[in-house]
Amino acid sequence: MRIGLTGGGTTVDKVVRQAKQAEADGFTSLWYASLVTGDPLVAIALAGRETSGIELGTAVLQTSPCHPLLQANRAASVVDAMGRPGFTLGIGPSHEPLIRGVFGLSYDHPGRSTEEYVRILTGVLRGEPVDFEGEDWTAHTAGRASTPAHPIPVLVSALGSRLLRVAGELAEGTVLWMAPTRAIEAHVAPKIRAAAEAAGRAAPRIVAGLPVAVHDDEAEARAAAAASSTMYAGMANYRRILGIGGAETPADAAIVGDEKAVRAQLQSLLDAGATDIWAAVFPAGDDRAGSVRRTMDLLKDLVA
């Protein structure tokens, strides 16, 4: 199985140590949230210098606070600092409470805004001059763009139909969070694959991110998942994809159970159309450290 983990650490040194250990353990990727060390691109650049092949990706950087030309130049600086390929830029429109409530920016047309953003971003990353004037974003990039030293794939955080089309048509695929197996099979995979095929592009990646815990008491594990996912429960975008997947709450979407059950659930994600799994390991029960070790032991067996 192609399994990645949540990337992070309270210091850059800890981020680097985690990346080196994850690579040694055989994991294919690490996925970094926008707040890791204040700016995950700095941490990824440093971790990338200390590793040789593991994929390091953002999941995800918000589009609204950063112009796509600047975002492309930042990404180019990451692979230059890494000195190797392996950086994947995951971007998305985020959620109204954050974009409007925290940053004070518009969230009136997230689908349109993200589509314009991706058109500019991917063009710049391909080394093309971009002259684009849209409703939300404008860019005239000649002479202002850095050429990446290595290819930088773009994944779009796509839960709705429009962004799944954008992810398949313009990007290399999607990185998901809180999309249950049924949602991937019935909604995500058919739409993104159809868009890629219509655009003459290669089959898209579908990175499926979900909380994972190996624990014998399923009810206790789901209670732990609920306690760590309250922020997602109130976000409209997640509520919709959970509903499509037949889950009422984020805890319902978590992958929990004993080793046999978790293995089967992870396989079901791949059978549904996911190409990669992003396992967000969380503790369950009184022995939190032991719980994480048990889950990690299973995941390491699956990637061996």
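## Close-up views of a predicted model

**View 1. S29 in strand β2.** The side chain of S29 comes within 3.0 Å of the side chain of W31 in a polar contact, meaning a pair of N or O atoms within 3.5 Å where, within protein, one must be able to donate a hydrogen and the other to accept it, and where residues adjacent in sequence count only if both atoms are side-chain atoms. S29 belongs to strand β2 (residues 29-32); helices (H or I, at least four residues) and strands (E, at least two) are DSSP runs, numbered from the N terminus. With a relative accessibility of 1%, S29 is buried, a word used here for under 20% relative accessible area, with exposed for over 50% and partly exposed in between (1.4 Å probe, protein chains only). Neighbours within four places in sequence aside, S29 is in contact with I3, G4, L5, I54 and E55, where contact means heavy atoms within 4.5 Å.

A word on the model: it is predicted, so local features need pLDDT of at least 70 and side-chain atom pairs count only at pLDDT 80 or more, while totals for chains, interfaces and linings use all residues. Residues are numbered from 1 along each chain as its sequence is written, and side-chain values use heavy atoms, with hydrogens and water left out.

**View 2. Helix α2 and its cover.** Helix α2 (residues 40-49) is mostly covered, with 7 of its 10 residues buried. Those buried residues are P40, L41, A43, I44, A45, A47 and G48. Their cover includes α1 (12-25), β2, β3 (55-58), β4 (61-62), α3 and β5. At the N-terminal end, D39 caps α2 through a side-chain oxygen that lies 3.0 Å from the backbone nitrogen of L41.

**View 3. The two faces of helix α8.** Here the buried residues are A221, R222 and A225. Down the axis of α8 they fall within an arc of 95 degrees, so they line one face of the helix; the arc is that of the directions from the helix axis to the C-beta atoms. They pack against α11 (250-253) and β11 (255-257). D217 caps the N-terminal end of α8, with a side-chain oxygen 3.2 Å from the backbone nitrogen of A219.

View 4. S229 sits in the loop between α8 (218-227) and α9 (230-233). It is buried, at 5% relative accessible area. The side chain of S229 reaches back to the backbone oxygen of A225 at 2.7 Å. Not counting residues up to four places away in sequence, S229 touches M178, P250 and A251.

**View 5. The second largest pocket.** This pocket has a volume of about 150 Å³. On a 1 Å grid over the protein atoms alone, a pocket is an open set of points with protein on both sides within 12 Å along at least five of seven lines, a 1.4 Å probe being used, and lining residues have an atom within 4 Å of a point. Its lining has 13 residues, with S64, S106, H109, S113 and D136 nearest the centre. By class, the lining has 5 nonpolar, 6 polar and 2 charged residues.

Terms used
Grid points are joined across faces, edges and corners, and a volume is the space filled by probe spheres set on the points. Ala, Val, Leu, Ile, Met, Phe, Trp, Tyr, Cys and Pro count as nonpolar, Asp, Glu, Lys and Arg as charged, and the others, Gly among them, as polar.
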